[in-house]
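Here are my notes after going through the model you sent.

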Amino acid sequence: DKGNHRHFMLKEIHEQPVVVAQTLQSYLRPLEAQVALPDMEFDLAAIERVAIIACGTSSYVAMIGKYWIEQFARVPVEVDVASEYRYRDPVLTPNMLGLVISQSGETADTLAALRHLKVGGVTTAGIINVPTSSMAREVDLLLPTHAGPEIGVASTKAFTCQLAVMAALATNLARAKGKLSPEEEREIVRHLAEVPEAMSDALSRDEHIAGMAPRIAQARDVLYLGRGPDYPMALEGALKLKEISYIHAEGYASGEMKHGPIALIDDAVPLIVIAPSGPLFDKTVSNMHEAEARGAQVVLISDADGIAQAGENTIATIEMPKVHPLIAPLVYAVPVQLLAYHVAVAKGTDVDQPRNLAKSVTVE
Ligand code: F6R
């Protein structure tokens, strides 16, 4: 049931503050100011490497997880898309955690990668939305997301719930590794608890984003830029746009622009820049200015400070609440999803059932 919404995708975008809160509730202990995982039969403190494997949108959660786990827990992380991992003869070692991420828990390549890890004797965990799925049954440690059934083919609420669980895992691993003081953990719990409200605030930009969508819908190509965890967000923005609006879109790490992609820039190419104010802001903005100087039609997604500093020569801005860098990916996912949605609606494509795509990819 779509409720009052025109599409399942829009309904699921708007459900996010509730389902992310539901998901966080099972991982946060606000009274103790701690993050908790379900009971496990292995010692998290013994983990020396993490391999994260997923497909599509779930693989962008893996990439963001790499930034978080390496930063907080100082444990090295490798990330692969499942179709590559299963055939590249990866090095499996004792004291390694193999982590799969999947909404459906049935994606053929991810399931095959999980079985490959298990045959190799690797301890496995899974961030999975469907609790009865094959992956949920086969992982050593199930880390459930509580997004509820996701009907729209383009993943939205599953993505942000996966990010919430990834933040909980990174925090727990950091504590287990002795890299996190109780004060630091208290701060993380406080910031995670702020996510639902910040997401609601982001959702209030819905009409503003709908207003700018017809202009973006004219484009043949759209580029997305971000740095740090906003680089996977740029990839997610581009994937969402291409899958439901059929506009060619690519995401790039901001610093890579000058190594080739900048050749694509002219005044017909919208450039969506994802840049919350913070330590990486000035670097991304300098890449944005280089593109503007070549005619790029910039849409800047940032907070009030970022927009005041760099919003001048843009064609549009989308203002987000000012949030801690840890939770920025959860909040900035919202405008990225809404922009893809409204551009698709402006183009008149079938948002919930895009051509050539299936909700669950059970063949490789
Ligand atoms: C994108 C999308 C796909 C899935 C991918 C993995 O919007 O929905 O890219 O993310 O097929 O699916 P799961 O997470 O079910 O393994």
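This is a predicted model: local features need pLDDT of at least 70, side-chain atom pairs count only at pLDDT 80 or more; totals for chains, interfaces and linings use all residues.

1. I started with helix H3 (residues 56-73) and helix H7 (residues 157-176). Their axes come within 9 Å and cross at roughly 25°. Angles under 35 degrees count as roughly parallel, and H3 and H7 are therefore roughly parallel to each other. The crossing in which H3 passes H7 is right-handed.

2. What do H3 and H7 bring to that contact? On the H3 side there are Thr57, Ser58, Tyr60, Val61, Ala62, Ile64, Gly65, Trp68, Ile69, Phe72 and Ala73. H7 answers with Phe159, Gln162, Leu163, Met166, Ala167, Ala170, Leu173 and Ala174. Sorted by class, the contact of H3 with H7 comes out as 15 nonpolar, four polar and no charged residues.

3. Next pair: helix H9 (residues 195-203) against helix H14 (residues 328-347). Here the axes are 8 Å apart and the packing angle is about 25°, which makes H9 roughly parallel to H14. The handedness of the H9 and H14 crossing is right-handed. H9 contributes Val195, Ala198, Met199, Ala202 and Leu203, and H14 contributes Leu330, Val331, Val334 and Leu338. By class, the contact of H9 with H14 has nine nonpolar residues, with no polar and no charged ones.

4. On to the cores. In soluble globular proteins, nonpolar side chains tend to be buried together. The largest nonpolar core in this model has 98 residues. Val50, Ile52, Trp68, Ile69, Met166, Val222 and Tyr224 have the most contacts inside that core. H14 gives the most to this core, with 13 residues. Trp68, Ile69 and Met166 also turn up in the contact of H3 with H7.

5. Ile52 deserves a click. Leaving aside neighbours within four places in sequence, Ile52 is in contact with Ala62, Gly65, Lys66, Ile69, Val77, Glu78, Val79, Asp80, Leu99, Ile101 and Met166.

6. Met288 sits in helix H12 (residues 281-292). Is Met288 buried or exposed? Its relative accessible area is 0%, so Met288 is buried. Beyond neighbours within four places in sequence, Met288 is in contact with Val273, Val298, Leu300, Ala310 and Thr314. Met288 and Ala344 are 56 residues apart along the chain, and their C-alpha atoms are separated by 25 Å.

7. Phe42 is a loop residue, placed between strand S2 (34-35) and strand S3 (49-54). The cut-off for buried is under 20%, so Phe42, at 17% relative accessibility, counts as buried. Phe42 and Ala62 are 20 residues apart in sequence and 21 Å apart in space, C-alpha to C-alpha.

8. Last one: Ser204, in the loop between H9 and helix H10 (206-217). Ser204 has 48% relative accessibility and so counts as partly exposed. Val334 is one of the H14 residues in the contact with H9.

Terms used: Residues are numbered from 1 along each chain as its sequence is written. Side-chain values use heavy atoms; hydrogens and water are left out. Axes are lines fitted to C-alpha atoms, for helices over the stretch in contact, and angles run from 0 to 180 degrees between N-to-C directions. Helices (H or I, at least four residues) and strands (E, at least two) are DSSP runs, numbered from the N terminus. Angles under 35 degrees count as roughly parallel, over 145 as roughly antiparallel, 65 to 115 as roughly perpendicular and the rest as oblique. A crossing is left-handed if the near helix is turned anticlockwise from the far one by less than a right angle, and right-handed if clockwise. Contact means heavy atoms within 4.5 Å. Ala, Val, Leu, Ile, Met, Phe, Trp, Tyr, Cys and Pro count as nonpolar, Asp, Glu, Lys and Arg as charged, and the others, Gly among them, as polar. A nonpolar core is a set of buried Ala, Val, Leu, Ile, Met, Phe, Trp, Tyr and Cys residues joined through side-chain atoms within 4.5 Å. Buried means under 20% relative accessible area, exposed over 50%, partly exposed in between (1.4 Å probe, protein chains only).
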